[in-house]
Amino acid sequence: MTEAHLPAIRLRGLRREFGPVTAVDGVDLDIAEGEFFSMLGPSGSGKTTVLRLIAGFETPTAGAVELFGKDVSGDAPYDRPVNTVFQDYALFPHMSVLENVAYGLRVRGVGRAERTRRATEALDRMRLADYGARRPSQLSGGQRQRVALARAIVVEPRALLLDEPLGALDRGLREQMQVELKQLQRDLGITFVFVTHDQDEALTLSDRIAVFDAGRIQQVGPAAEVYERPATPFVATFVGTSNLFDDAQSRALLGHGGIHAIRPEKLQIHRGETGDGLPGTVAEVIYAGASVRCVVDTDAGMRLTVLEQSSSGHASVARGDRVRIAWAHDDVRDLVEPETAERRAADDATTDPETPTPATASA
Ligand SMILES: Nc1ncnc2c1ncn2[C@@H]1O[C@H](COP(=O)(O)OP(=O)(O)OP(=O)(O)O)[C@@H](O)[C@H]1O
Ligand SMILES: [Mg+2]
């Protein structure tokens, strides 16, 4: 295997306990060079801990971290070819913006002239060329975030670790920064590992996503695959919304057992009693801009959510209407229990890491 095919980041059997809490449990993962990789999961699912294990701010209880083919278990954070951007930016308030950006170079013993040249270049790249003399307190939230990014890239890491970097920004700025982050990653051509609990953000930005729950990975795959083919009930409901059928409901509705999911936008709703489909009564109609969400109580006893696209802003049905719900067989997803999904995810992660690079995945 050539070095080019070695993953940028390889996690093997990674585990981290804090007293009685197991924050990270049996994580196996290969992240390719040049990949925009997201770790998505609810609060407390272990995302930050995994990032800190990669960066070297935490020591694993068990397992190993390899960076670019080298086991870095004994290496201090500053000896690892990665850098971290934190949610709270962690800028030094008493230093100018330029000094903040140059700090990492100073620590590494780079001379003053070159420090200034490289820090200026990094600020330029983040469109902050005119802000070098200011203090962080004299910048907006978005500008501070760009300073934090400039400071992280100035030391030319081979991978950038980003822990909810847009968490403190309002929605408009957040969407603008998402575009900037994606462009920055393409320009630099380095690996980004991006932590978020925002599924839209993960789907928008990522080549691949790992979905975490309770310290374990439930699914790893390209963004579209995680959305289109969720592996477990947790993924089906955490990444977008899904109607879930348990074993008994699957038997009654689909004619075979197991756990299944179908997206609300894949259900069709028809008014009236006659014709194909599952009969029910509309319990609620909720307007959501370009779409309308209809909650239907089926006669079979389960509640289904249907998403209707609506150019007029009106649903084709009203509360109390008798309706039938239909779907295409192909749109029903087979789900598995988390244990099965974990085994598969570990298998996927450990097979030949011919993982998509941005060139192929984001075309
Ligand atoms: N230093 C620590 N000491 C004790 N427990 C910790 C420590 N760091 C993390 N934990 C625990 O480990 C678990 C995972 O925490 P982690 O910060 O990795 O979650 P997260 O997915 O980043 O959550 P969030 O989205 O809220 O940032 C939590 O139960 C947390 O309380
Ligand atoms: Mg966190």
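In what order do the six strands of the open sheet lie? The order is E6-E7-E8-E3-E9-E10, with mixed pairing; two strands count as paired if DSSP finds at least two bridges between them. Strands E6 (82-85) and E10 (216-222) stand at the edges with a single partner strand each, so one side of each has no neighbour in the sheet. From one strand to the next, the twist averages 15°, an angle between N-to-C directions, on a scale from 0 to 180 degrees, of lines fitted to C-alpha atoms. E6 and strand E7 (residues 159-163) run parallel and are joined by four bridges; one pairs Val-82 with Ala-159 of E7.

This is a predicted model, where local features need pLDDT of at least 70 and side-chain atom pairs count only at pLDDT 80 or more, while totals for chains, interfaces and linings use all residues. Residues are numbered from 1 along each chain as its sequence is written, and chains are lettered from A and ligands numbered from 1 in the order in which they are written.

Now for the chain as a whole:

| Feature | Value |
|---|---|
| Helices (H or I, at least four residues) and strands (E, at least two), as DSSP runs | eleven helices and 18 strands |
| Box of the C-alpha atoms along the principal axes | roughly 80 × 45 × 40 Å |
| Buried residues (20 or more other C-beta atoms, placed from the backbone, within 10 Å of their own) | 40% of 363 residues |

Finally, the ligand. The residues surrounding ligand 1 include Phe-18, Lys-47 and His-197, each being near if its C-beta atom, placed from the backbone, lies within 6 Å. H1 gives the most to this shell, with three residues.

Terms used:
A residue is buried if 20 or more other C-beta atoms lie within 10 Å of its own, exposed if 12 or fewer, and partly exposed in between; C-beta atoms are placed from the backbone.
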